[in-house]
Amino acid sequence: MYLFGVTHKQEYFDRQVSKIEEICHVDGKVMMLELAPNYEENVQRGILIPNFSMALAERYRPRCSRVISGDQEITIPENPNWLLSLVMGEIYFYPDNRRDEIMRQTIERERPDIVIVGNGHSDDIKEHFPQVYYTVFQDEGGYTASWSHHGRPHKWYRLDQLITL
C-alpha cells in the first residue's frame with residue numbers, strides 16, 4: 001500500500017497529483033481518500049463547498065477501480081451556527097471525533113492500494129500500518145502541529161519520502 005500525506009492547499013493540487021502519479025500507478029487500483037461519505041451530498045445541498053478531497057475523487061474515479069470515502073461522516077446540526085463553525089473549524093462538524101480510528105478501520109476492511117489523507121492524519125495511519133510506503137507533502141514552511149508538538153517542527157514517523165512544495 002502507498003500512503004500519501006498531502007497538504008490541502010489548492011495551490012499545490014497539481015504538483016501533488018503529478019508526484020503521486022510518478023510514485024505509483026493509479027489506474028485500476030483501489031484508492032481511499034480523506035473524504036467523509038456524506039461530504040459530496042452536503043455540497044449538493046449547498047451546505048458545504050467542494051474541498052481538496054472531492055477534487056481528488058473527481059480526478060481518480062474514472063481511473064481507479066474504486067475510490068473509497070474513508071473519513072468519518074460529518075455531523076451537520078439542524079440549524080448550523082456558521083460563525084461558530086468558522087471559529088471551531090472541523091471540530092464543529094466532528095463532535096465525536098474518531099476520524100483517525102475510522103480511517104484505520106476503513107483501511108483494514110477495504111484494503112486499498114493507495115491512501116491519500118491530510119498530512120495531519122498520515123502519521124497515525126503509518127504507525128498502524130508500518131509496512132506501507134509513506135510519502136508526505138509539506139509546504140515550504142514545513143508542518144507544525146502546535147496543538148501536539150508545542151510549535152516545534154513535526155518529525156514524521158518512519159517516512160520514506162518527504163516532498164517540499
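**View 1. Trp82 is partly exposed at 38% relative accessibility.** Buried means under 20% relative accessible area, exposed over 50%, and partly exposed in between (1.4 Å probe, protein chains only). This is a predicted model: local features need pLDDT of at least 70, side-chain atom pairs count only at pLDDT 80 or more, and totals for chains, interfaces and linings use all residues. Residues are numbered from 1 along each chain as its sequence is written, and side-chain values use heavy atoms, with hydrogens and water left out. Phe93 is buried at 11%.

**View 2. Phe13 and Phe52 form an edge-to-face aromatic pair, 5.2 Å centre to centre with 75° between the planes.** Rings of Phe, Tyr and Trp (its six-membered ring) pair if their centres lie within 6.5 Å; planes under 30 degrees apart count as stacked, over 60 as edge-to-face and the rest as tilted. Phe13 counts as buried at 9% relative accessibility. Phe52 is also buried, at 4%. Trp82 and Phe93 form a tilted pair: 6.0 Å centre to centre, 45° between the planes.

**View 3. His121 is buried in helix H6 (residues 119–128).** Helices (H or I, at least four residues) and strands (E, at least two) are DSSP runs, numbered from the N terminus. The relative accessible area of His121 is 12%. Contact means heavy atoms within 4.5 Å. Not counting residues up to four places away in sequence, His121 touches Glu34, Arg99, Asp100 and Met103.

**View 4. Thr106 is buried, with a relative accessible area of 3%.** Thr106 lies in helix H5. Its side chain reaches the backbone oxygen of Ile102 at 2.9 Å.

Definitions and conventions. A polar contact is a pair of N or O atoms within 3.5 Å; within protein, one must be able to donate a hydrogen and the other to accept it, and residues adjacent in sequence count only if both atoms are side-chain atoms.
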